[in-house]
Amino acid sequence: MDAYTDRSIGSAFVLVFVYAGVTVLMACCAELTLRLTPRDELSNATAAPFAAAQATSSLLNRPGSRASARRMARALWLLNACIGISFLAGCGMLWRSTPDPNVPAWFLVPLILPLLAGIAVTVAAAVSDRRR
């Protein structure tokens with residue numbers, strides 16, 4: 001543990017527990033993305049007078065096609081893996097054997113770089129879906 005926290009199961013494995021929760025959340029988001037009916041499979045044949053406005057609002061967060069839904073689900077899983085790599089670096093610092101409270105500045109790179117890479121891939125998948 002570091003110099004600020006007492007040794008206990010909860011403090012030692014807090015990042016592991018948080019990552020387990022993030023993994024469950026990402027799995028649910030990926031599954032829901034795959035279960036949504038894509039925009040290209042919805043029928044626009046409705047007789048309501050405000051059907052165009054209603055259809056536009058209901059299509060706001062839908063994937064464009066099944067392929068884009070799979071691409072987005074894979075991007076979410078990749079983001080989850082990048083979060084795991086970042087948490088692994090955090091666990092390495094948390095579980096170090098020396099109780100030194102000083103953390104080197106270079107340590108931010110393995111914490112932040114995987115997160116930025118995962119976010120970039122996820123945003124790129126979402127933006128490419130909107131362009132099609």
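In the predicted model, Arg35 is found in helix α2. Arg35 counts as exposed because its relative accessibility is 62%, above the 50% cut-off. The side chain of Arg35 meets that of Glu31 in a salt bridge, with an N to O distance of 2.8 Å. Both residues belong to helix α2. They are four residues apart, about one turn of the helix. Glu31 has a relative accessible area of 36% and is therefore partly exposed.

The structure holds two salt bridges. Glu41 counts as partly exposed, at 43% relative accessibility. Arg66 is also partly exposed, with a relative accessible area of 32%.

The overall architecture is helical. The secondary structure comes to five helices and zero strands. From the N terminus on, the elements run α-α-α-α-α. The chain has 132 residues, and buried residues make up 27% of them. The chain exposes about 8,700 Å². Carbon and sulfur atoms supply 70% of that area.

Individual residues illustrate the contacts between helices. Val22 is found in helix α2. Not counting residues up to four places away in sequence, Val22 touches Asn80 and Ile83. The separation between Val22 and Ile83 is 61 residues in sequence. In space, their C-alpha atoms are 8.5 Å apart.

Thr122 lies in helix α5. With a relative accessible area of 11%, Thr122 is buried, since the cut-off for burial is under 20%. Leaving aside neighbours within four places in sequence, Thr122 is in contact with Met72, Ala75, Leu76 and Leu79. Leu79 and Thr122 are 43 residues apart in sequence. The C-alpha to C-alpha distance for this pair is 6.9 Å.

Ser86 has its place in helix α4, which spans residues 66-94. Ser86 counts as buried because its relative accessibility is 4%. Its contacts, leaving aside neighbours within four places in sequence, are with Pro110, Leu111, Pro114 and Leu115.

The largest pocket has a volume of about 160 Å³. Its lining includes Thr33, Leu36, Asn61, Arg62 and Pro63. Ser68, Met72, Ala126, Asp129 and Arg130 also line the pocket. Helices α4 and α5 (108-131) each supply at least two lining residues. Helix α5 gives the most to the lining, with three residues. Met72 has a place in two of these descriptions: Met72 lines the largest pocket, and Met72 is in contact with Thr122.

The surface carries a nonpolar patch of about 500 Å². The patch is made by Ile9, Phe13, Val16, Phe17 and Trp95. Phe13 is found in the loop between α1 (9-12) and α2 (14-35). Phe13 counts as partly exposed, at 33% relative accessibility. That value passes the patch criterion, because patch residues need over 30% relative accessible area.

Terms used:
Residues numbered from 1 in each chain as written. Predicted model: local features only at pLDDT ≥ 70, side-chain atom pairs only at ≥ 80, totals over all residues. Heavy atoms only, no water. Patch = residues over 30% accessible without salt bridge, like charges linked within 9 Å, V, L, I, M, F, W, Y side chains within 5 Å. Areas by Shrake-Rupley, 256 points an atom, 1.4 Å probe, with all protein chains shown as cover. Salt bridge = Lys/Arg side-chain N within 4 Å of Asp/Glu carboxyl O. Buried < 20%, exposed > 50% of the residue type's maximum accessible area, 1.4 Å probe, protein only. Contact = heavy atoms within 4.5 Å. 1 Å grid on protein atoms, 1.4 Å probe; cavity = no way out; pocket = protein on both sides within 12 Å on 5 of 7 lines; lining within 4 Å. Points joined across faces, edges and corners; volume = space filled by probe spheres on them.
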